[in-house]
Amino acid sequence: MIKKERYEEEIEELSVLFFSFDKIDKGLSREREKVKLKLWIVLWNYYKSIYTDKKIELYSGVINETIANCFISYKIDSETPFLYYTNSAIKKEIERESQKDSYKGIKIPQKTEKNGRRLKKLAKQKGLTEDYQIVDLGKSLGLEIDDIQEAIDFNKTKSNLTISDNYKSDKCEEISIIDKVAYEKYTPENIFENRENCLNILEVIESTFLKKQHRVQKYLSALLTFYFFDDLISLENKEIELTYKFIDKVLFNELNSLSYNHSLPNQKDIAKRFGKDKTDASRTLRKFLNEIKSVNSLG
């Protein structure tokens, strides 16, 4: 009970701070995201303390998705405290979810529904619609092809997320390596479990990068920094130190500064700085990413 009350006090404090930030002020966006992450972790620990392990196992996706929606829909001028608002929403969503014993008369395994939700969510975020892209997305998350097929079949009745028999995989480079361990950017139950995995993957990138000739490292470093920029920001917000040599610190700081004004360069601009064209940049990056995927079963 003491732990529960402590969580409630911390949630109250962090929620007041989070919703006090001006969403329009880009200079505060990173600080706002850090507070959001802390608040989400405390919320997750709070629900783990009041729900049984079985309930957490069954409804972790529902809980986290509802928390995400509450961050968006909650109004700061509401008389209802954020925790009460979130509690009410989660209770309703769990009740609704618990009543879904079957879909159109067919029993749906929890794993299939969960994988389907994740694939659909990330595919939408990345704008992936082609057959091979959806399959590659699932493989990049470490899912088996049978599980991917079952998840897509489940989604098929709700959306146009389908795959065809003539599937081919030739554009894996479009899927971020970091997505394998951080595909749900703000899912707290995976943050600490995935931290070691994140570090392992960063080490693989680093060791592969250091094997390259010195004359190509500067160019490659710029390409990798640009390609992984959003992921690096996310990891930095999780307090993972970005001290790796494959990161172009000057470019990273430049991109970070420009992101506040929505004036980021594109890959063609980065290549041009080194006297290269977009085709060369894409080929160089693709070759490096394929090398990474062949190490430690990342592919």
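1. How many nonpolar, polar and charged residues are in the lining of the second largest pocket? Five are nonpolar, one is polar and eight are charged. Here Asp, Glu, Lys and Arg count as charged; Ala, Val, Leu, Ile, Met, Phe, Trp, Tyr, Cys and Pro as nonpolar; the others, Gly among them, as polar.

2. Basis. This is a predicted model: local features need pLDDT of at least 70, side-chain atom pairs pLDDT 80 or more, while totals for chains, interfaces and linings use all residues. Residues are numbered from 1 along each chain as its sequence is written, and side-chain values use heavy atoms, without hydrogens and water.

3. Pocket. The second largest pocket has a volume of about 340 Å³. Of its 14 lining residues, the closest to the centre are Val-216, Tyr-219, Leu-220, Asp-280 and Thr-284. Lining residues have an atom within 4 Å of a pocket point.

4. Helices at the pocket. Helix 10 (214-227) and helix 14 (278-293) each supply at least two lining residues. Helix 14 gives the most, with six. Helices are DSSP runs (H or I, at least four residues), numbered from the N terminus.

5. Asp-280. This residue is found in helix 14. Its relative accessible area is 16%, so Asp-280 is buried (under 20%). Its side chain makes a polar contact with the side chain of Tyr-219 at 2.7 Å (N or O atoms within 3.5 Å, one able to donate a hydrogen and the other to accept it).

6. Helix 3. A kink of about 70 degrees is centred on Tyr-59. The bend is the angle between axes fitted to the seven residues ending there and the seven starting there. Buried residues of helix 3 include Ile-56, Tyr-59, Ser-60 and Val-62.

Conventions: On a 1 Å grid over the protein atoms alone, a cavity is a set of points where a 1.4 Å probe fits but cannot get out, and a pocket is an open set with protein on both sides within 12 Å along at least five of seven lines; lining residues have an atom within 4 Å of a point. Grid points are joined across faces, edges and corners, and a volume is the space filled by probe spheres set on the points. Buried means under 20% relative accessible area, exposed over 50%, partly exposed in between (1.4 Å probe, protein chains only).
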